[in-house]
Amino acid sequence: MSVKKIQSALISVFHKDNLEPIIELLKDKGVKIYSTGGTQKFIEEQGAEVTAVEDLTSYPSILGGRVKTLHPKVFGGILGRRELESDKAQLQEYDIPEIDLVIVDLYPFEQTLASGASEQDIIEKIDIGGISLIRAAAKNFKDVVIVASQNQYADLEKVLEEKDGSTDLKDRKAFAAHAFNVSSHYDTAIFNYFNEGDSIKGFKHSIEENKTLRYGENPHQEGVFFGSLDELFDQLNGKELSYNNLVDVDAAVSLIEEFEGETAFAILKHTNACGMALGNTVKEAYKKAFAADTLSAFGGVLITNEKVDKASAEEMHSLFFEILIAPDFSTEALEVLKGKKNRILLKKKTKLSTKKQFKSLLNGVIEQDRDLHTDNQSDLKVVTKEAPTAEEEKALLFASKVCKHTKSNTIVLANNGQLLASGVGQTSRVDALKQAIEKAKVFGFDLKGSVMASDAFFPFPDCVEIADQAGISAVIQPGGSIKDQDSIDYCDAHKMKMVTTGIRHFKH
């Protein structure tokens, strides 16, 4: 039958918070309860009668608690198929009681791992009995209810109240689905712990926390974020983050983290920086970043790595922008910025910690390491006769950081800690350079003495020729073209400087 009355329950849990109402309901319905150890004591403290699993199995908990529920009298009672006469006969023959409800959770493996515990402590948090109970009860969902997490306590309580201690098949199947979600997530965490170094190639990622978004990239697409935004940000104002917001926020955070120890400000549109600058104050850095493209900044995502004060808030308040991210805001700054109710203000609490990136394509998934290499002084190899000055070197490294986070093919033009212009996502590097030069002119920048960064090598010397004609004095690029020497020779002939890094930063 679809509707089944719960007459017996096995309860063995690590987390006991909010379990009291369920115990009270089971007690009122006259449900026979089996339990173990600390859970048994907890249930008895609620005034309910409990039969110890040890009394059911005639075996004590052994091996320091590693074995206590792994017994035919427990698993037979869970896995026995009520509609099969042969199963019922065997249950009766071996004096095995039917178990209609299993409430069990798992040792906190992930929390123990995150705490930096010893290997022995981590291994002891690999649950054996609990995971077996979950799988057994979920497999036999036609007859048994499985609650595999304290997150389902409230759902069980509601069902028991509304259906007078009974469940139907739909209820039991839903609880079973939740149970397999719990067990698969748990096993994934354990696998990834043992597979440190990725010696076994397998795409295994599991994130339970999720948030349904208004929609995906476009209104006709569904969107969901899997993860914990609360770990990274406190949202202080504004509407809910959308799919596109999240993509831009990820790009903004990745870029700003390149500039630790410097006061930096960036303005992004569609994941690319249209403004990026360093300054002595947030206000100064913002003004320099905004100057790079006063048109594209409209509706952009703004980010800084320093506390936003009242002066900087007032400076940027007149601009329409979607999001502002900062490690902190002064009270006065928040009063100004909250003047627009839909403006999203995010307080960034910690750095990005992911080391992998992946996305779906071609009915599969590709995965890679995040590009965690930041070009620095030790990477620079001077390949021209003339070396960059100290100021040019600083500008080159600044441009390289911005270039790393800009859509390929890209060229970045910069000077004095300021992005002057960039050519973004072009099909040829020459087009990217021409776009950047034209854009710099539109916004009134003199490129004389500026520097150029390229995310990949120059296959021909045409880019350095065009750069020279625009007044650019120094170039940074990864190198590696069979025609590198042609570009180097042109630089030498026209007193330009060039450094190579040996590291390409494509961003597809």
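Helices (H or I, at least four residues) and strands (E, at least two) are DSSP runs, numbered from the N terminus. What you have here is a predicted model, in which local features need pLDDT of at least 70 and side-chain atom pairs count only at pLDDT 80 or more, while totals for chains, interfaces and linings use all residues. Residues are numbered from 1 along each chain as its sequence is written, and side-chain values use heavy atoms, leaving out hydrogens and water.

Gln 477 is buried, with a relative accessible area of 1%; buried means under 20% relative accessible area, exposed over 50%, and partly exposed in between (1.4 Å probe, protein chains only). Setting aside neighbours within four places in sequence, Gln 477 is in contact with residues including Ser 454, Phe 457, Asp 484 and Met 498, where contact means heavy atoms within 4.5 Å. Met 498 lies 21 residues from Gln 477 along the chain, and their C-alpha atoms are separated by 7.9 Å.

Now move to strand 19 (residues 411–415), which is largely enclosed by the rest of the structure because five of its five residues are buried. Ile 411, Leu 413 and Asn 415 point one way from the strand, and Val 412 and Ala 414 point the other way. Strands count as paired if DSSP finds at least two bridges between them. Strand 19 runs antiparallel to strand 20 (residues 418–423), with five bridges joining them, and Ile 411 stands opposite Gly 423. Two residues lie between the strands of this hairpin, where Asn 416 takes a positive phi near 50 degrees. Strand 19 is also antiparallel to strand 21 (residues 451–454), through four bridges; there, Val 412 has Ala 453 as its bridge partner.

Next comes the nonpolar interior. A nonpolar core is a set of buried Ala, Val, Leu, Ile, Met, Phe, Trp, Tyr and Cys residues joined through side-chain atoms within 4.5 Å. The largest has 41 residues, and Met 276 and Ile 325 have the most contacts inside it. This core draws at least three residues from each of domain 2 (232–348) and domain 3 (378–500), with domain bounds coming from an automatic or database domain assignment. Apart from it lies another core, of 30 residues, among them Leu 106, Leu 133, Val 182 and Ile 190.

Grid points are joined across faces, edges and corners, and a volume is the space filled by probe spheres set on the points. The whole structure holds two cavities of 30 Å³ or more, and the largest cavity contains about 80 Å³ of space. Of its 14 lining residues, the closest to the centre are Asp 375, Ser 400, Ser 454, Pro 478 and His 505. Helix 16 (390–404), strand 21 and strand 22 each give two or more residues to that lining.

The second largest pocket holds about 460 Å³. It has 26 lining residues, with Gly 65, Lys 68, Tyr 107, Asp 127 and Gly 129 the closest to its centre.

Key
On a 1 Å grid over the protein atoms alone, a cavity is a set of points where a 1.4 Å probe fits but cannot get out, and a pocket is an open set with protein on both sides within 12 Å along at least five of seven lines; lining residues have an atom within 4 Å of a point.
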